[in-house]
Amino acid sequence: MSKITVPIGPQHPLLKEPLAFSLTMEGEHVIESSMRIGYVHRGIERLSQERTYVQNVHLFERVCGICSHVHTTTFCQGVEALLELEVPPRGLYLRALLCELERIHSHMLWLGVQARNIGFDTIFMYAWRDREIVLDIMENLSGGRVSHAVNIIGGVRIDLTPEHHDMILKQLDILEPQIEALLGVVENERSFQARTRNIGVLSLEQIRRYCVVGPVARASGLDMDIRRDAPYPPYDQLRFRVPVRYEGDAWARTMVRILEMVESVHLCRQLLTDLPDGPTSVRAKRRVPPGEVVSRAEAPRGEVIYYIRSDGSDKPARVKVRTPTLTNLITLPDQLQNISMADVSVILSGVDLCIACADR
Amino acid sequence: MSRLLTQIYLFEEIFATLQLAFPNEEFSVQGKPIDDTFLILAPEMVRPVVELLMEKFDVYHLSTITGDDTGNGVRLLYHFWSGYGITLSTLLPYDNLSVPTLTGLIPGAAFYEREVHEMLGVTFEGLDTPGPMFLPDDWEDGAGPVRYPLRQNANEKS
């Protein structure tokens, strides 16, 4: 059979973000593929050198449109280490609370997209309905559904009132059974399994060779989570499990993410129950003493790392951002090999791509 | 044992192993805030040291490579992670911006090396660079306002 090359993208119905693929096909089968990213490269690393640290917090909030809070958390954590600032525990707990809410929001959104690509629209509807619960909580806390602008260097700008406290606990009680219901569907529903089992399998060996991070790595048996392995405060004081599966396929990735949502709900309850009293932020100097720091955090998609070098002025000399999607993208040509055309969408969404993150 | 102590012991062991394996080379170690330690070495030592770290200490996770134009050369920082941050730091002089690729050992390094290559003009010997990654397709033909966007003199077109 003769080979044909099918271009997909940069604009296409699979993802809302631009990413171009070129699939070499033989009939219905994809033989190999190549990809091109960079359509939403905004030069954020260069921009950050022209802005002060205070302005940069808002710039890095815009690296990602889903996990915006974890980016500012990682950046602020790095700058605070350079300033040798001690952030009040209440500020750290509120930071982590938003991180965990954001993780639920991100995984819910992903689950909807994945179900939609499989053709299972019922899960899509339920997942996106339940995601509204989390978005409402975040809107109540910060005023924003996705861009919260909560982090400042030295802590957080919001505080939790007793009404917030009760409202969040009540909403979490509604959310938890919904997540467990979704878990039951993914675990037992045969049509869901038929579309995701043994699709896009990555072995542990491949995961290690490509330095893959996050739920994709954990679905292939790599037990790695920055929150547990290099606990940045307040995660050193929290108890939680890190779900790991060993199948390495699109189904295992779904399971890992849903189990992570359950853990995140537990974490939110812990954070609210143990929430310390006191101030939420301390005053930070505008000029940062010379030095360099590597700051890591666990975003919903995996390890995010910031390298910050200061030359003593009020603007950073260099900030390097590496988002988890960039790392996970490199596995796609391996996954899009010797598969059926119909599985391309399941594989692409299974990795949970955030192209704006990867391009920066 | 506390995390900090474990890290100090691990680094003493790594440092001793490196000096034993490469007695004629100079290494230095700098502790950084948030669990990271920098190991400063010569550009030609990066590949053999990574090989040794992978073999003896099971350090396989390369988080990223940072290219940083400091004004007296381009610094390359290889951020490894193995429960603790281990960063290999090396300085390339402007007249020889070239270093062997790590993709033979760690295929996942390809994206990071391609990014440093197009943003700072560092050549990774042996790296396959099929066109630009983040920059537009016609950037290398001189269509862009600057050749290497992250160079300090990026605004003076050379």
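In the predicted model described here, helices H6(A) and H11(A) are roughly antiparallel to each other, because angles over 145 degrees are counted in that class and the two helices pack at an angle of about 160°. Their axes lie 10 Å apart, and the crossing in which H6(A) passes H11(A) is left-handed. Helix H6 of chain A covers residues 162-188, and its side of the contact includes His165(A), Ile168(A), Leu169(A), Leu172(A) and Glu176(A). The residues that meet them from H11(A) include Thr254(A), Met255(A), Ile258(A), Met261(A) and Arg269(A). By class, the residues of the contact of H6(A) with H11(A) divide into 15 nonpolar, two polar and two charged.

Chain A also contains an open sheet of three strands in the order S6-S7-S8, with antiparallel pairing. Strand S6 (291-299) and strand S8 (316-322) of chain A are the edge strands, each of which pairs on one side only. On average, and with direction ignored, neighbouring strands of this sheet are turned by 15° against each other. Helix H3 (residues 68-83) of chain A packs on the sheet, where it touches S6 and S7 of chain A, and its direction makes about 150° with that of S6(A). Within the sheet, strand S7 (residues 302-310) of chain A is joined to S8(A) by six bridges, the two strands running antiparallel, and Tyr306(A) stands opposite Val321(A) in S8(A).

Between the two chains, 28 residues of chain B are in contact with 29 residues of chain A. On the side of chain B that touches chain A, the elements giving two or more residues are S3, strand S4 (74-81), strand S5 (85-92) and helix H3 (109-120) of chain B. The largest share of that side, six residues, comes from S3(B). Sorted by class, the side of chain B that touches chain A has 15 nonpolar, nine polar and four charged residues.

Leu326(A), placed in helix H12 (residues 324-329) of chain A, has contacts with both chains: when its neighbours within four places in sequence are left aside, Leu326(A) is in contact with Ala358(A) and Phe111(B). Leu326(A) counts as buried because it has 23 C-beta neighbours inside 10 Å, the cut-off for this class being 20 or more. The C-alpha atoms of Leu326(A) and Val213(A) are separated by 10.0 Å, although these residues are 113 residues apart along the chain.

Several backbone features in loops were also noted. Most residues other than glycine have a negative phi, and most peptide bonds are trans. A cis peptide bond, with omega of about 5°, joins Pro233(A) and Pro234(A), and Pro234(A) is found in the loop between helix H10 (226-229) and helix H11 (250-273) of chain A. A positive phi, near 60°, occurs at Asp352(A), a residue other than glycine, in the loop between helix H14 (344-350) and helix H15 (355-359) of chain A. In chain B, Asp58(B) has a positive phi of about 55° although it is not a glycine, and Asp58(B) lies in the loop between helix H2 (46-57) and strand S3 (61-69). Asp352(A) is buried, with 25 other C-beta atoms within 10 Å, whereas Asp58(B) counts as exposed, with 10 C-beta neighbours inside 10 Å.

Technical notes:
Residues are numbered from 1 along each chain as its sequence is written. Chains are lettered from A and ligands numbered from 1 in the order in which they are written. This is a predicted model: local features need pLDDT of at least 70, side-chain atom pairs count only at pLDDT 80 or more; totals for chains, interfaces and linings use all residues. Helices (H or I, at least four residues) and strands (E, at least two) are DSSP runs, numbered from the N terminus. A residue is buried if 20 or more other C-beta atoms lie within 10 Å of its own, exposed if 12 or fewer, and partly exposed in between; C-beta atoms are placed from the backbone. Two strands pair if DSSP finds at least two bridges between them. Axes are lines fitted to C-alpha atoms, for helices over the stretch in contact, and angles run from 0 to 180 degrees between N-to-C directions. Two residues are in contact if their C-beta atoms, placed from the backbone, lie within 7 Å. Angles under 35 degrees count as roughly parallel, over 145 as roughly antiparallel, 65 to 115 as roughly perpendicular and the rest as oblique. A crossing is left-handed if the near helix is turned anticlockwise from the far one by less than a right angle, and right-handed if clockwise. Ala, Val, Leu, Ile, Met, Phe, Trp, Tyr, Cys and Pro count as nonpolar, Asp, Glu, Lys and Arg as charged, and the others, Gly among them, as polar.
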